[in-house]
Amino acid sequence: MNTEHMEKIKELLKDCTSDCKCYFQGIEKPCKARDIGLKSFIECLEEKPFNCASLIPFGDSCYCACAPRVYMAKELKM
């Protein structure tokens, strides 16, 4: 991950409403998620997701609106 990406993630973390739990887990090993083609959401694939204000349960799935995590999934394919 280059410096530009790290700076963008740090900027997005300033607005985190969940104490940056996914970031402090380790930026090189973020929580499991996949891009589902929506602009501001990804699907959370964790069996036991963080207690995070950015998670939105819907049916049998859980979606994540965490800006840093969405950025990593979409831009860095993580």
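The N-terminal end of helix H1 is capped by Asn-2, a side-chain oxygen of which lies 3.0 Å from the backbone nitrogen of Glu-4. Such a polar contact is a pair of N or O atoms within 3.5 Å; within protein, one must be able to donate a hydrogen and the other to accept it, and residues adjacent in sequence count only if both atoms are side-chain atoms. The structure is a predicted model, in which local features need pLDDT of at least 70 and side-chain atom pairs count only at pLDDT 80 or more, while totals for chains, interfaces and linings use all residues. Residues are numbered from 1 along each chain as its sequence is written, and side-chain values use heavy atoms, with hydrogens and water left out.

Helices (H or I, at least four residues) and strands (E, at least two) are DSSP runs, numbered from the N terminus. Helix H1 spans residues 3-13, and His-5, Met-6, Ile-9, Leu-12 and Leu-13 are buried within it.

The largest nonpolar core comprises 10 residues, namely Ala-33, Ile-42, Cys-44, Cys-52, Leu-55, Cys-62, Cys-64, Cys-66, Val-70 and Ala-73. Two or more residues are given to this core by each of strand E2 (42-44), strand E4 and helix H3 (67-75). A second, separate core of 6 residues includes Ile-9, Leu-12, Tyr-71 and Leu-76. A nonpolar core is here a set of buried Ala, Val, Leu, Ile, Met, Phe, Trp, Tyr and Cys residues joined through side-chain atoms within 4.5 Å.

Within the largest core, Leu-55 belongs to strand E3 and counts as buried because its relative accessibility is 18%. The C-alpha atoms of Leu-55 and Ile-42, which are 13 residues apart along the chain, are separated by 9.7 Å. With residues up to four places away in sequence not counted, Ile-42 touches Ala-33, Arg-34, Asp-35, Ile-36, Cys-62, Tyr-63, Cys-64, Arg-69, Val-70 and Ala-73 (contact means heavy atoms within 4.5 Å).

Strand E3 (residues 55-58) pairs with strand E4 (residues 61-64) in the antiparallel sense over 4 bridges; pairing requires that DSSP find at least two bridges between the strands. Phe-58 stands opposite Ser-61 in E4. The two strands form a hairpin with 2 residues between them, and Gly-59 in the turn has a positive phi of about 60°.

The count of salt bridges comes to 3, each defined by a side-chain nitrogen of Lys or Arg within 4 Å of a carboxyl oxygen of Asp or Glu. Glu-11 is paired in this way with Lys-14, the closest N and O atoms being 3.3 Å apart; Glu-11 is partly exposed at 45% relative accessibility, whereas Lys-14 is exposed at 62%. Arg-34 and Glu-43 form a salt bridge with closest N and O atoms 2.7 Å apart. Arg-34 is partly exposed at 45%, and Glu-43 is buried at 11%. In the salt bridge between Lys-74 and Asp-35, the N to O distance is 2.5 Å. Lys-74 lies in helix H3 and Asp-35 in strand E1 (residues 33-35), so this pair ties together parts that are 39 residues apart in sequence. Lys-74 is buried at 17% relative accessibility, while Asp-35 is partly exposed at 36%.

Note on methods: Buried means under 20% relative accessible area, exposed over 50%, partly exposed in between (1.4 Å probe, protein chains only).
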